[in-house]
Amino acid sequence: MKFKRSVKCSAKFATKHKKQQLKKILVEYGKVCNFFIEYFWNTEIPSKSKLLKNIVDLPKENTWLSAALRQIAAREAIDMIQAVKQRWKDKPNKIKMPIHKGKRMLVSSTVANLQPSKDSTFDAWLHLSSIGNKVIIDIPIKYHKQFNKWNTKGKRLNSYIITNDYIQFSFEIEVESKKTSGKMIGIDTGIKALASTSGGKQFGKDVGKHIEKIKRCKHGSKNQKSRRNGLKQYINETVKEVISEDIRLIVVEKLNNLNHKTKFKRRLNKNIRRSLGIWNYRYWLTRLKQATEINRISFRSVLPYYTSQRCPKCGHIERRNRKKEVFRCLKCDHSENADVNAATNILQRFLQGSYGILYGNCLPQQATNLKNLIY
Ligand SMILES: [Zn+2]
């Protein structure tokens, strides 16, 4: 199994002159990119591997960029067009021609190479050549903890995102295949506890306090910024706690269905918009997912409908089953902490679905001794 990680290193160690040069390149790159976007916008887009010289040379007279960089720009133009078309595929009238702002470029070894430094002032130089106009720039780079971590664990790829402020490196990390033994848990995300698991545990119970503190700060203040970092730190620690147990599968509620159907949206809305905030929710799920990758844990998601109203024991769904923090089934009297109950439904939904069978745990539709069957 392979996964990718990216790390940013500051470009602030470059001299003023180099920074100006870099800015000029990015602006020119953006210009050429926009030329290609306009060119491809109303035509049939060629495949990226078939960008022949005649296309790459189209803006030749009006730019000093090299053929290598013009080709990269043409590819990015294609990616940008396809991204907007994909994003609005259900609402074609919303599609607008994208514009490259000249603030970043993604380059590969044809124009950029990371070379180790010979003296100790910096760790490496990002050597940019074949840019055009005989420009060559070496940007000094200092590594940091995160860079070293992934550089040791994985293989650095020869592709770089370059902006005026930082260089982004990417790594490919290879791990053994996913675990086949360990607990399977559903996780409900909320404000009372960041994570409530189907096993009856709750992690991150202070998340609400952290969010309250942020809300009390003046918007945009230094204080608020530091409290936000505090919350991120708290989320990271909670992720560690959750995955410290021997787990093989984690199931959460699907997030990318937010603009799908209002019925499904309602429950997530309650949790996210009112209390956690969409950004915190996203951050938490991203961190959790990343942690599962390196720990060889399977990570799955299910649609979030009725997870708070359904009884996992008898399957009865009723809004009045839930009263604030407590779930009590009006049909069979099964009772449980409301968030833990939702987590159990989340896990059940996955295991009973078409992929659940792969986990060798075919639950009956109405599990009676749930706690014994799943963790
Ligand atoms: Zn019931």
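## A walk through the model

Start by selecting residues 338-352, which form helix α9: its 15 residues reach 21 Å from the first C-alpha to the last, close to the 21 Å expected at 1.5 Å a residue. Keep in mind as you look around that this is a predicted model.

What does α9 give to the largest nonpolar core? Select Ile187, Ile250, Val251, Ile346 and Leu347, the residues that touch the most other members of this 32-residue core. Next, colour the elements that each give two or more residues to the core: β8 (183-189), α6 (222-243), β11 (247-253), α8 (278-294) and α9. The largest share, eight residues, comes from α9. In soluble globular proteins, nonpolar side chains tend to be buried together.

Another core, of 31 residues, lies apart from that one; to find it, pick Tyr29, Val111, Ala112 and Ala124, which are among its members.

Your next stop is a sheet. Follow its four strands in the order β1-β7-β6-β2; the sheet is open and its pairing is antiparallel. Which strands stand at the edges? They are β1 (2-10) and β2 (104-108), and each has a single partner strand, so one side of each is left without a neighbour in the sheet. Turn the view to follow the twist, which averages 25° from one strand to the next.

Finally, zoom in on β2 and β6 (residues 155-163), an antiparallel pair joined over five bridges. Select Leu106 and look across to Ile161, its bridge partner in β6.

Definitions and conventions: Residues numbered from 1 in each chain as written. Predicted model: local features only at pLDDT ≥ 70, side-chain atom pairs only at ≥ 80, totals over all residues. Expected span 1.5 Å × (residues − 1). Pairing = 2+ DSSP bridges. Axes fitted to C-alpha atoms, helices over the stretch in contact; angles between N-to-C directions. Core = buried A, V, L, I, M, F, W, Y, C linked by C-beta atoms within 7 Å. Buried ≥ 20, exposed ≤ 12 C-beta atoms within 10 Å, placed from the backbone.
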